[in-house]
Amino acid sequence: MADEHSNMMLPNKQVVLKNYVEGYPKESDFELRSSVICCQISQGSNGLFVKNLYLGCDPYMRHRMSSHKSKDVPLLVSFKPGSVITGLGVAKVIKSANTDFEEGDYIWGMTGWEDYSLIQNPNGLFKIKYTDVPLSYYAGILGMPGLAAYIGFNNVCSAKEGDVVYVSSAAGGVGQLVGQLAKMKGCYVVGSASTDEKVNLLKSELGFDDAFNYKEGNDLAGALKRHFPRGIDIYFDNVGGNMLDEVLLHMNLYGRIAVSGMISQYNLKKPDGIHNLFCLITKRLRMEGFSELDFRHKVPEYLEFAIQLIREKKLLFVEDIAERLENAASAFVGIYHGRNVGKQIIQVSTD
């Protein structure tokens, strides 16, 4: 064991939720707390003591910052005010009482927003097999966002060559991958994003056929008519709300809609209503929500698919990395205002 971890108690910075969040999250909703943590694992335990390296700022986490009960989805159970934020991240095993993990292994899965975490129940953690790519990728393209893109596009969209595909929030962790997967299928792909910088990224680096700034001109209907003169066959929805409502009017007969996220709704006390659902009948549409949680058994399959493409630079991933836990709150708040370019990740430590 390295000298750094030979003492039983270690200093441990933690990001804590101060109070339940109302409306858009603010930096004042969080607190950076200096604490200590015992690095010993109790006898008979099945746990791990880990050093956290990278944390993903995932939009779904906002749901856990409000007071509610979600029995159907344990991952969405509310945080308790005063508790450490938890989310998906990448860590290094320092001590292990679990036969599936050894000291020095890298893992990804649920962990704390803190320097070190004692993970009592390692179920759901994945040992990182490929370390010739950035470890931060396991909080993005090789983690939950990547699996969500892979499952949503392949299992729900039923894409075929020549399909017209629209991806909202296309420069985010999921959207940028969906666009590339669609291009591999021979689809015509258009993405939308919140800034001209992101629009340029989609077209110049990520291979989208076209892209537009949905905030420009305040005319979403007009933008959709211009960019989809032949209508939309597949809509991969990361936004929900008014965007989804308008897109329904532009869908083609027998179109497919994969509902991956609804970032426009997470901070609203009263969600926007959807008024154009009659289109599901008249256009014979199929709209399906999904969760990557149901497909964790597909992780090995997805990794084998993605890792080779990444190595060959045929599948790209754009990250926006904020360094240190001191900047975690600012990074998280920023994703709801479109400040991140690419997947927002917090780098806690390099190793």
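## The second largest pocket

In this predicted model, the second largest pocket holds about 450 Å³ of space. How can empty space be found at all? Rolling a probe the size of a water molecule over the atoms shows where empty space is left.

The lining of this pocket is made up of 22 residues. Three strands each give at least two residues to the lining: S4 (86–96), S5 (106–112) and S6. What kinds of residues line the second largest pocket? Nine are nonpolar, nine are polar and four are charged.

## Aromatic rings that pair up

Let's turn to the aromatic rings. The count of aromatic pairs in the model comes to 13. One of them joins Phe 49 and Tyr 116, whose rings are 5.6 Å apart from centre to centre. With 10 degrees between their planes, the pair is stacked, because planes under 30 degrees apart count as stacked. Phe 49 belongs to strand S3 (residues 48–56) and Tyr 116 to strand S6 (residues 116–119), so their pairing ties together parts that are 67 residues apart in sequence. Are these two residues buried or exposed? Both Phe 49 and Tyr 116 are buried.

Aromatic residues can also gather in a group: Phe 30, Trp 113, Phe 332 and Tyr 336 form one aromatic cluster.

## Leu 135, a buried loop residue

Next, find Leu 135 in the loop between strand S7 (126–127) and helix H1 (144–156). Leu 135 has a relative accessibility of 14%, so it counts as buried, the cut-off being under 20%.

Which residues does Leu 135 touch, leaving aside its neighbours within four places in sequence? Its contacts are Leu 53, Tyr 54, Val 90, Tyr 106 and Ile 128. Take Val 90 as an example: Leu 135 and Val 90 are 45 residues apart along the chain, and their C-alpha atoms are separated by 7.2 Å.

## Val 199, a buried helix residue

Our last stop is Val 199, which sits in helix H3 (residues 196–204). Val 199 is buried too, with a relative accessible area of 9%. Leaving aside neighbours within four places in sequence, Val 199 is in contact with Ala 193, Ala 211, Phe 212 and Asn 213.

How far apart are the C-alpha atoms of Val 199 and Ser 42? They are separated by 51 Å, and the two residues are 157 residues apart along the chain.

Conventions. Residues are numbered from 1 along each chain as its sequence is written. This is a predicted model: local features need pLDDT of at least 70, side-chain atom pairs count only at pLDDT 80 or more; totals for chains, interfaces and linings use all residues. Side-chain values use heavy atoms; hydrogens and water are left out. Rings of Phe, Tyr and Trp (its six-membered ring) pair if their centres lie within 6.5 Å; planes under 30 degrees apart count as stacked, over 60 as edge-to-face and the rest as tilted. Helices (H or I, at least four residues) and strands (E, at least two) are DSSP runs, numbered from the N terminus. Buried means under 20% relative accessible area, exposed over 50%, partly exposed in between (1.4 Å probe, protein chains only). On a 1 Å grid over the protein atoms alone, a cavity is a set of points where a 1.4 Å probe fits but cannot get out, and a pocket is an open set with protein on both sides within 12 Å along at least five of seven lines; lining residues have an atom within 4 Å of a point. Grid points are joined across faces, edges and corners, and a volume is the space filled by probe spheres set on the points. Ala, Val, Leu, Ile, Met, Phe, Trp, Tyr, Cys and Pro count as nonpolar, Asp, Glu, Lys and Arg as charged, and the others, Gly among them, as polar. Contact means heavy atoms within 4.5 Å.
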